[in-house]
Amino acid sequence: MKKMVVTWMVLAASAGSAYAQSSIRLSGSVYGGLGFNSGGDGVVRTALTGPSSFMFSGREDLGGGLAAIFKLENGFNADTGTMAGGTTFFDKQAFVGLQGDWGTVRAGRVYTPAFATLALVADPSGTYSVLTSTNLMESHGVRLNNGVIYNTPGFDPWTYARSGFYGAVAHYFGESTEGSSRNNATGWNVGYGEGPLVVELSHQATNAYTSAVQDVDSRSTIVAANYDFDVARAYIAYAENSARNTVAGIKTKDNNDLLLGVYIPIGVSAVTVSYVRKNDKMPVNNDASVIGATYDYFLSKRTKFTVGYAKLHKKNPSSPQRLANGYTGTTAANGGTSALTLGITHRF
């Protein structure tokens, strides 16, 4: 009996030690505010908006410097309580992976390397405000299904920390019945992050097949950098975007994007300013630019109040560009050319 008690005590202690090295966390953000949008069809729209998300994430120490990680993230609309991804529950991220001294491998629904460059290096708003660069810039796929991605040790996808030189390579399997090359994508990035400087280069190649005449092989390359001057952090990015297929001898996509931005902390507040220009090289010439600014007042480490304004200028009045995102409470169909937002964000 004594030996049995000792055995159970040892097993319990071992189990307790193992469990102590694993963790599961619930985190996310909730946004609520008003969006005023005008210039689309002459109607001024007011909407209670709310792009929000929650995420389950976990990390378990497997020993020998190896860890298992996962993230399951769902986007929802705080104004209605509906899921942002429609019937897709974990529409933002859903992956499992292994992490060690050799880097990190993840599989599932993951962000593309090119969008990671856009959101984490290029965009002073992090794509989390009315200023989001995706109002006008190519989104580079954002996140794709059936993906496998490898990150070198210089970049930690768990914390987004950078150290020296790093890189990533990813492939997203289209799982198409038309063939293994249909609806798939491949991307990579290389970068350097040390001290006040971060610079990154990414490339994304995507095939979007819907029919023999809509077999779209698109390519996007983006180079971005930001630098912390102590009093402000400056941002710059340039992207080239094109498509292989043509209609009536004309390319379906051929443009480039330029982004300039700055983030200025001021005590318990901050000002963000950004400018994005799209140079469309197609015959229709849908050149456009967006300029805007936000003011954040931090009520605490987790809660902030934001007021923002953005204005879209179009060279071709009939072009389809719109200011449309969750902060304006509009879609691509009813978005306008100017937007004012007021809202509060709480992160947990």
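Let's start with Phe305. Phe305 sits in strand β20. Keep in mind that this is a predicted model.

Together with Leu34, Leu48, Val268, Tyr295, Tyr297, Leu299, Tyr309, Leu340, Leu342 and Ile344, Phe305 makes a nonpolar surface patch of about 950 Å². Which elements give two or more residues to this patch? They are β19, residues 288-298, β20, residues 303-314, and β21, residues 338-347. The biggest giver is β21, with 3 residues.

Now to the rings. How many aromatic pairs turn up in the whole structure? The search finds 10. Take Phe54 and Phe89. Their pair is edge-to-face, with 6.3 Å from centre to centre and 65° between the planes. This pair links distant parts of the chain. Phe54 is in strand β3, residues 51-63. Phe89 is in the loop between β4 (66-77) and β5 (93-100). The two are 35 residues apart. As for cover, Phe54 is partly exposed, at 21% relative accessible area. Phe89 is partly exposed too, at 41%.

A second pair is Phe155 with Tyr160. This one is stacked: 6.5 Å centre to centre, 25° between the planes. Phe155 counts as buried because its relative accessibility is 10%, and the limit for buried is under 20%. Tyr160 is partly exposed, at 36%.

Back to Phe54 and Phe89 for a moment. Both belong to one aromatic cluster, along with Phe56, Phe76 and Phe90.

Next, charges over rings. What lies over the face of Phe95? Arg106 does, at 5.1 Å from the ring centre. Tyr128 has Arg347 over its face, at 5.6 Å from the ring centre.

Last stop: Ser22. Ser22 is in strand β1, which covers residues 22-38. Its relative accessibility is 26%, so Ser22 counts as partly exposed. Which residues does Ser22 touch, leaving aside neighbours within four places in sequence? Ser22 is in contact with Arg59 and Glu60. Ser22 and Leu62 are 40 residues apart in sequence. In space, their C-alpha atoms are 8.8 Å apart.

Conventions. Residues numbered from 1 in each chain as written. Predicted model: local features only at pLDDT ≥ 70, side-chain atom pairs only at ≥ 80, totals over all residues. Heavy atoms only, no water. Patch = residues over 30% accessible without salt bridge, like charges linked within 9 Å, V, L, I, M, F, W, Y side chains within 5 Å. Areas by Shrake-Rupley, 256 points an atom, 1.4 Å probe, with all protein chains shown as cover. Salt bridge = Lys/Arg side-chain N within 4 Å of Asp/Glu carboxyl O. Helix = DSSP H or I, 4+ residues; strand = E, 2+ residues; numbered from the N terminus. Buried < 20%, exposed > 50% of the residue type's maximum accessible area, 1.4 Å probe, protein only. Contact = heavy atoms within 4.5 Å. Phe/Tyr/Trp six-rings, centres within 6.5 Å; stacked < 30°, edge-to-face > 60°. Lys NZ or Arg CZ within 6 Å of the ring centre and 35° of its normal.
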